[in-house]
Each structure stands twice: as C-alpha cells, then as structure tokens.
Amino acid sequence: MLLKDIREYSGIHIAIGATDLRKSVDGLANIVRNDIAMDPFGNNIFLFCNKKRNRLKGLTWDKNGFCIFYKRLDGIGAKFIWPKHPEAVRDISVAQLELLMSGLSVDPPRGFDELAARDF
C-alpha cells in the first residue's frame, strides 16, 4: 500500500524550529532517534520545516521501508505557521495537521477567558 489513512497512525509529531531539509531519510531518521529521542520505526509521522517555513518534509516507516513526503509552498509570502515553543517535538492531532496544511496555526487564537462575577 502506498499511503494509508492519516487516522491509522499512532501519532503526528512536529519537530519545533528549522530543519535542514537537504537531509533525506537517514538524516531525518537520525534526528528522530537522537534529537527527539523517539523510534523512527514506529507507526508515526514526523514533520520537519525549513527556516523560511515554505517547505515541509514528513517521514514515516511503512513496514518495510521509509516514506518521505514533501510539500513546497509557492507564491509570494506563502509560509507554514510553524510553532516556536521551546520543546524539541510536539504532538498534534489530525485536525491540527489540517489547520497547518491549510496555512493556519495549530494553535488557533483563544477566545475570552471565563470571568468571575464581581460586585458593582
């Protein structure tokens, strides 16, 4: 099977910060193993983004070999809104992946906080 349904994966993990996307299978698998401290042979998808945030690579193991997915955004100013939190990896949901691939943040803006009643 070439591709499986995204919901069949155990997890979707994004590497925070910029990754040199000249790396191919071995280089990305080493990042997963050594920097993120996860098993690249698991039932997961690992996503990496370049410094300009206009290219994305995905790495997954498919029972007998690695698959790499590549997306390049074209157009002036087209960028992925990539999280900038300090952790090395972040787990996201299928819904958050859909937001990311649509050009939106995986962290949509928060609404109003709940306020306690006060005396006037």
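**Figure 1. Pairing of β3 and β4 in the predicted model.** Two strands are taken to pair if DSSP finds at least two bridges between them. In this predicted model, β3 and β4 pair in the antiparallel sense, and 7 bridges join them. Within this pairing, leucine 59 has isoleucine 68 of β4 as its bridge partner. Tryptophan 61 stands opposite phenylalanine 66, which also belongs to β4. The two strands make a hairpin in which 4 residues lie between β3 and β4. Lysine 63, located in the turn, has a positive phi of about 65 degrees.

**Figure 2. The aromatic pair of phenylalanine 41 and tryptophan 61.** A pair of aromatic rings is described by the distance of the centres and the angle of the planes. The count of aromatic pairs comes to 3. One of them joins phenylalanine 41 and tryptophan 61, whose rings are 4.8 Å apart, centre to centre. Their planes form an angle of 75 degrees, and the pair is edge-to-face, because planes over 60 degrees apart count as such. Phenylalanine 41 lies in the loop between α1 and β2, whereas tryptophan 61 lies in strand β3; the pair therefore ties together parts that are 20 residues apart in sequence.

**Figure 3. The largest pocket and its lining.** The largest pocket has a volume of about 230 Å³. Its lining consists of 13 residues, and those nearest the centre are Ile6, Ile45, Leu47, Phe69 and Leu97. Two or more lining residues come from each of β2 (44–49), β3 (55–61), β4 (66–72) and α2 (94–101). Strand β4 gives the most to this lining, with 3 residues. By class, the lining comprises 10 nonpolar, 1 polar and 2 charged residues.

Technical notes
Residues numbered from 1 in each chain as written. Predicted model: local features only at pLDDT ≥ 70, side-chain atom pairs only at ≥ 80, totals over all residues. Heavy atoms only, no water. 1 Å grid on protein atoms, 1.4 Å probe; cavity = no way out; pocket = protein on both sides within 12 Å on 5 of 7 lines; lining within 4 Å. Points joined across faces, edges and corners; volume = space filled by probe spheres on them. Nonpolar A, V, L, I, M, F, W, Y, C, P; charged D, E, K, R; others polar. Phe/Tyr/Trp six-rings, centres within 6.5 Å; stacked < 30°, edge-to-face > 60°.
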